[in-house]
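Here are my notes on the model you passed along. Have it open while you read.

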Amino acid sequence: MYLIVSLAILVTMGLAIVRALRGPSVYDRVLAVNMFGTKTVLLLSVVAFLYGRPDFLDLALTYALINFVGILAVLGFFQSQSSRRSDDTEK
């Protein structure tokens with residue numbers, strides 16, 4: 001059962017990588033990277049339960065927080081870049 005769940009998570013992670021590489025816009029790519037991070041947290045949680053290692057759950061929570069802060073930082077960067085471009089075109 002857990003092998004099937006792990007395989008399904010890995011397939012969705014692969015699809016997220018494909019979307020991140022081929023995404024039509026920057027925001028699609030950022031969303032795909034966010035989804036990849038979320039699936040990584042899920043995979044770490046399944047592995048923690050499978051091997052009976054509760055310390056992996058701490059790693060999963062830490063990775064989830066880093067993923068959240070990282071995505072916010074990347075989106076803030078792209079927002080500031082787009083506002084700079086719009087300011088440059090107005091001048």
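The points below go from confidence to fold, shape and surface.

1. This is a predicted model, where local features need pLDDT of at least 70, side-chain atom pairs count only at pLDDT 80 or more, and totals for chains, interfaces and linings use all residues. Residues are numbered from 1 along each chain as its sequence is written, and side-chain values use heavy atoms, with hydrogens and water left out.

2. Confidence first: pLDDT (the predictor's own score per residue, 0 to 100) averages 90 over the chain, and 98% of the residues reach at least 70. Helix α1 (residues 2–22) has the highest mean, 94, and helix α3 (residues 55–90) the lowest, 88.

3. What is the radius of gyration of the chain? It is 17 Å, whereas a compact globule of 91 residues would be near 12 Å; the value is taken over C-alpha atoms, and the globule rule is 2.2 Å times the number of residues to the power 0.38. The C-alpha trace spans about 60 × 25 × 10 Å along its principal axes.

4. Buried residues (under 20% relative accessible area, 1.4 Å probe, protein chains only) make up 20% of the 91.

5. Contacts here are heavy atoms within 4.5 Å. Of those between residues at least 6 apart in sequence, 52% join residues at least 24 apart.

Note on methods. Buried < 20%, exposed > 50% of the residue type's maximum accessible area, 1.4 Å probe, protein only. Helix = DSSP H or I, 4+ residues; strand = E, 2+ residues; numbered from the N terminus.
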